[in-house]
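Subject: Structure handover

Hello,

Here is the structure we spoke about, with notes on what was found in it. Please look through it before reading on.

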Amino acid sequence: MTTEHLTPRTYGNYRKPRTAGLRGLSLGATLLLLAGLVAVVLASLISLWAALGLALTLAVVTAALGVKDRHDRTLMQRGAIRLAWWRTTSSGGHLYRSGPMGRSGYGTCRLPGLAAESTLTEARDGYGRPFAVITIPATGHHTVVISCDADGAALVDDHQVDTWVAHYGQWLSALGAEPNLVAASVTVETAPDSGVRLQQEIAANSVADAPALATEMLQEVLAAYPAGSARIATRIALTYSGAARPGIPRRSADEMALHIGTRLPGLTAGLSLTSAGTAVPMTATELAEAVRVAYDPTVATLVEEAQATGGTGLTWNEAGPMAAQEAWDHYRHDGAFSVTWAMTEAPQGEVFSNVLTALVQPHRDIARKRVTLLYRPHTRAEGARVVQQDYKNALFSAQQSQIGKAREDAEVTAARRTTEEQAQGHGVIRFGLLITATVSTAAELPRAAAAVDNLAPAARIAVRPVYGSQAAAFAAALPLGVVLPLHTAVPQTVRDAM
C-alpha cells in the first residue's frame with residue numbers, strides 16, 4: 001500500500017503592472033525628465049545661470065515624482081491630497097447636514113458625498129424575484145446587490161475549500177465577458193447580534209403549556225446568547241454601465257433593469273458553487289435598511305424589530321445620515337465614528353485559501369467591521385493587451401537593472417507566467433480592498449486602529465488610512481456601486497491579477 005502525501009494548495013502571482021519609465025518613474029514623468037534635459041541643454045546656449053536654475057527646478061520636480069514612501073505614494077501625490085483637503089475644508093465640503101435643518105433635499109436624509117444624486121428603483125428578474133437597482137447619474141452606472149448566506153469553512157475538507165475557490169475564480173473570470181459590467185464588489189460585514197432574531201424565533205416556536213423548566217432554560221439562553229455574538233452579512237454588488245457609447249444611446253434605468261434582470265438568475269446560480277450559500281437579490285427596502293444601519297448603527301435593533309413585525313421599512317430618501325463630518329483621518333456620521341483603510345500592497349508570494357480569514361472575522365475591539373473587495377474585470381481583449389504590456393515593461397526594467405538581478409528576473413518570470421495563463425483562457429481582473437472600522441465613540445478609534453494594524457500583516461497585505469477622503473472611502477466600502485477611479489481627479493494605479 002502506498003500513501004499519497006498531498007501538499008496544501010497555494011495561491012499567488014498577484015501583480016501590480018510595472019511602468020515603462022526609467023528607474024521606476026512613470027511614462028509621463030520620464031517624458032517630462034527627457035524634455036527638461038533638452039530644455040536645460042538649450043538654455044545653456046543662452047545663459048548659464050538660466051540653465052542652472054532650470055536644472056534645479058527639474059531636479060525638484062523629478063524628486064517629487066520619483067521619491068515614494070512605503071505605500072508607493074510620491075511627494076507630488078501626497079501634496080495634491082493635502083491641497084485637495086484644504087480646498088474641501090475651506091469650502092465646507094467636509095460637512096453634511098440633512099433632515100429638517102438641511103439646506104437641500106426638502107427635509108429628506110439622502111446619502112452624502114458621491115452617492116448624493118443616486119436613486120433607487122425596483123424591478124423583477126427572470127425568476128420573478130424583486131431586486132433593487134441603484135442608479136448614479138454622474139457615471140451612468142446601475143448597481144444590483146446580491147445577499148449571500150456564506151457557508152464558512154469550519155469542519156470542511158481542504159479539497160472542498162479548494163473546489164469552492166476554483167469555482168469562485170471561474171465566476172470572477174466570467175465577469176469579464178458579462179455585457180456592460182464595469183465593476184463588482186464583495187462586502188463582508190460583522191456587527192454585534194442584537195438578539196432580536198433569536199427572540200422572534202423562540203416566540204414563534206413556543207407554546208403556552210410548555211414545561212416550566214424548558215421555558216426557564218430558553219429565557220436564560222435568550223438573555224445570555226446575544227452577549228458577545230456577532231452577525232455576519234455578505235453582499236455582492238454588480239455595477240453595469242448604461243452610459244452612451246459609439247452607436248449606442250444612453251440607456252435609462254428601466255432599460256438597464258430589464259437587462260440586469262435577465263442576467264441575475266445565471267449569476268446567482270453560479271454563486272451557489274462558491275460556498276456563498278443562498279444568493280438572492282436584495283429588495284429596495286432591504287438595501288435602504290442596510291445602508292441606514294451602516295450610517296447610524298444605533299438604529300440596528302429598531303430596524304430588526306421592524307423587519308420582524310412586518311413593518312413597511314425605509315425608503316432611499318431616509319437611508320442617509322442626519323449629519324456627517326469628515327476629518328483628515330476619520331469620519332463621523334450620526335452617532336458613530338469610522339476609519340477606512342485601503343490596501344496598498346497585495347499578498348506577496350504564495351498564500352493559502354484562508355489568508356483573509358482573520359481579517360473578515362469579528363473582532364472584540366471593533367464594533368462593526370466591513371471588509372470590501374473591489375473588482376474591475378478586464379475584457380478578453382483588454383486582458384491580453386495589459387499582460388503583454390506588463391511583460392514588456394518587466395523586460396525593460398530588467399535590462400536597466402545592474403544590481404538586484406535576481407529580483408528582476410523573478411518579475412520577468414512572473415509576468416511571463418501571467419501572459420501564459422491569460423492565453424490559456426484565464427481572466428484578468430483589477431482588484432483592491434477597503435477595511436472600515438466603526439466604533440461608538442472617538443476614544444475607541446485608537447483601539448480599532450491597533451486592531452487593524454495587527455490584522456493586516458496576518459493577511460499578508462499592507463494598508464494605509466485613506467487620509468483626506470474618508471467619506472468617499474466609506475461610501476465605496478458599501479454596496480452602492482461607487483467606482484472610485486471614475487470620481488478622482490488623478491487616475492490611480494489599480495492592481496491586476498490572474
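Val 186 has Ile 236 in β7 as its bridge partner. Strand β6 (residues 181-192) and β7 pair in the antiparallel sense over eleven bridges; two strands count as paired if DSSP finds at least two bridges between them. Strand β5 (residues 141-148) also pairs with β7 in the antiparallel sense, over eight bridges, and there Val 144 stands opposite Leu 238. Strand β7 itself (residues 230-241) has nine of its twelve residues buried, so it is largely enclosed by the rest of the structure. Buried means under 20% relative accessible area, exposed means over 50%, and partly exposed is in between (1.4 Å probe, protein chains only). Strands are DSSP runs of E with at least two residues, helices are runs of H or I with at least four, and both are numbered from the N terminus.

The model is predicted: local features need pLDDT of at least 70, side-chain atom pairs count only at pLDDT 80 or more, and totals for chains, interfaces and linings use all residues. Residues are numbered from 1 along each chain as its sequence is written, and side-chain values use heavy atoms, with hydrogens and water left out.

Salt bridges

The structure holds eleven salt bridges, each a side-chain nitrogen of Lys or Arg within 4 Å of a carboxyl oxygen of Asp or Glu. Three of them are described here.

Arg 15 and Asp 390 meet through their side chains at 2.8 Å, N to O. Arg 15 is in strand β1 (residues 14-15) and Asp 390 in helix α11 (residues 380-400), so the pair ties together parts that are 375 residues apart in sequence. Arg 15 counts as buried at 7% relative accessibility, and Asp 390 counts as buried at 8%.

Glu 178 forms a salt bridge with Arg 263, where the closest N and O atoms are 2.8 Å apart. This pair links distant parts of the chain, 85 residues apart: Glu 178 is in the loop between α4 (158-175) and β6, and Arg 263 is in helix α7 (residues 253-271). Glu 178 is buried, with a relative accessible area of 9%, whereas Arg 263 counts as partly exposed at 31%.

Arg 370 forms a salt bridge with Glu 189, with the closest N and O atoms 3.4 Å apart. Here too the pair links distant parts of the chain, with Arg 370 in strand β12 (residues 368-377) and Glu 189 in strand β6, 181 residues apart. Arg 370 is buried at a relative accessible area of 2%, and Glu 189 counts as buried at 7%. Salt bridges that share partners join Glu 189, Arg 235, Arg 368 and Arg 370 into one network.

Other points

Arg 430 lies in strand β13 (residues 429-439) and counts as buried at 19% relative accessibility. The side chain of Arg 430 makes a polar contact with that of His 378 at 3.4 Å. A polar contact is a pair of N or O atoms within 3.5 Å; within protein, one must be able to donate a hydrogen and the other to accept it, and residues adjacent in sequence count only if both atoms are side-chain atoms.

Ile 46 lies in the loop between α1 (27-44) and α2 (48-66) and counts as exposed at 77% relative accessibility.

Gly 92 follows α3 and has a positive phi, near 80°.

Regards
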